[in-house]
Amino acid sequence: MNLNNKVCIVTGAASGIGLAIAKRYAAAGGKVAIADLKLDAAQAAADAINADHADAALAVAMDVTSEDQVNAGVAQVVAKWGTVDVLVSNAGIQIVNPVEAFAYADWKKMLAIHLDGAFLTSKAVLPHMYKQGSGAVIFMGSVHSKEASPLKSAYVTAKHGLLGLSRVIAKEGGAKGVRSNVICPGFVRTPLVDKQIPEQAKELGISEDEVVKKVMLGQTVDGEFTTVEDIAELALFFAAFPSNALTGQSLTASHGWSMS
Ligand code: NAD
């Protein structure tokens with residue numbers, strides 16, 4: 001599948017899954033804006049991509065919870081490349097705690113990054129997609145868009161919510177050539193997951209090895225982590241799909257942990 005110079009914005013692309021998607025998009029012939037809170041890391045990622053694919057990547061400073069920063073970042077991309085064809089709303093964090101101990105400020109922070117971020121970035125790119133009559137919006141959901149786990153109230157709530165937002169955009173965008181879909185990964189070994197292992201071990205009173213083998217991978221069919229490359233392939237599939245038949249969907253890659 002080829003992106004043929006399509007202009008893509010990937011949020012949270014300085015690390016983990018987003019970085020792998022940015023690399024995959026550039027390798028498939030896309031132009032990719034690496035939009036991240038951490039400008040230095042975004043710039044390093046863009047430099048590495050540009051070393052292999054000239055002028056394929058642009059680092060953009062963006063806190064996805066700030067409407068001004070989102071609008072300014074999208075404007076920067078449009079000023080450089082003329083439009084936006086693909087949005088991957090991927091930026092995310094994790095905070096784990098049981099509901100009764102979950103700080104309200106942490107709850108609001110989680111919903112702001114995952115849900116406000118998805119809303120604000122969509123709102124900013126859709127006018128460009130509607131103007132040209134085509135575009136693909138991709139949200140980074142999770143198996144937690146479909147399943148629940150203890151300690152993850154805000155994350156599960158936000159990831160379920162993305163399914164709803166994506167389906168509304170699919171309905172509103174259909175007549176204007178815009179598709180919207182959700183990728184639902186199982187556990188992928190990134191900084192976001194590495195941080196949770198000791199936290200969950202402490203909270204659940206088990207060893208870190210047990211967190212990995214039982215909590216994270218216990219319900220997979222083969223005890224394997226999903227990889228950033230697996231998810232990047234799905235992101236390419238949704239971005240480059242050749243017709244508008246594929247919209248309003250969610251696709252899970254989790255080594256069989258979730259089969260819905
Ligand atoms: P990561 O920590 O490796 O990367 C997240 C990136 O998001 C970082 O570069 C960070 O700087 C950026 N970011 C954080 N807050 C931001 C903000 N307010 N504005 C802009 N950028 C911000 O994490 P990851 O594992 O690659 O996660 C990426 C996405 O994938 C998240 O939405 C996460 O929920 C989802 N996901 C991850 C897993 C997994 O197992 N790793 C599984 C399912 C879904």
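Predicted model: local features only at pLDDT ≥ 70, side-chain atom pairs only at ≥ 80, totals over all residues.

Me: How many cavities of 30 Å³ or more does a search of the whole structure find?

Reply: Two. The largest cavity holds about 40 Å³ of space.

Me: Which residues line the largest cavity?

Reply: Ser-89, Asn-90, Ala-91, Ile-113, His-114, Ala-118, Met-140, Lys-159 and Leu-162. Two elements, α4 (104-132) and α5 (153-173), each give two or more residues to that lining. The largest share, three residues, comes from α4.

Me: And what is the volume of the second largest cavity?

Reply: About 30 Å³. Its lining is Leu-163, Ser-166, Arg-167, Val-182, Gly-248, Gln-249 and Ser-250. Here α5 and β7 (249-253) are the elements that give two or more residues.

Me: Which element gives the most there?

Reply: α5, with three residues. By class, the lining of the second largest cavity has two nonpolar, four polar and one charged residues.

Me: New topic. Where is Cys-184?

Reply: Cys-184 is in strand β6, which covers residues 178-185.

Me: Is Cys-184 buried or exposed?

Reply: Buried, because its relative accessible area is 0% and the cut-off for buried is under 20%.

Me: What is Cys-184 in contact with, leaving aside neighbours within four places in sequence?

Reply: Gly-141, Ser-142, Val-143, Ser-145, Lys-146, Ser-250, Leu-251, Thr-252 and Ala-253. Take Ala-253: 69 residues separate Cys-184 and Ala-253 along the chain, yet their C-alpha atoms are 6.3 Å apart. Ser-250, another contact of Cys-184, also lines the second largest cavity.

Key. Residues numbered from 1 in each chain as written. Heavy atoms only, no water. Helix = DSSP H or I, 4+ residues; strand = E, 2+ residues; numbered from the N terminus. Buried < 20%, exposed > 50% of the residue type's maximum accessible area, 1.4 Å probe, protein only. Contact = heavy atoms within 4.5 Å. 1 Å grid on protein atoms, 1.4 Å probe; cavity = no way out; pocket = protein on both sides within 12 Å on 5 of 7 lines; lining within 4 Å. Points joined across faces, edges and corners; volume = space filled by probe spheres on them. Nonpolar A, V, L, I, M, F, W, Y, C, P; charged D, E, K, R; others polar.
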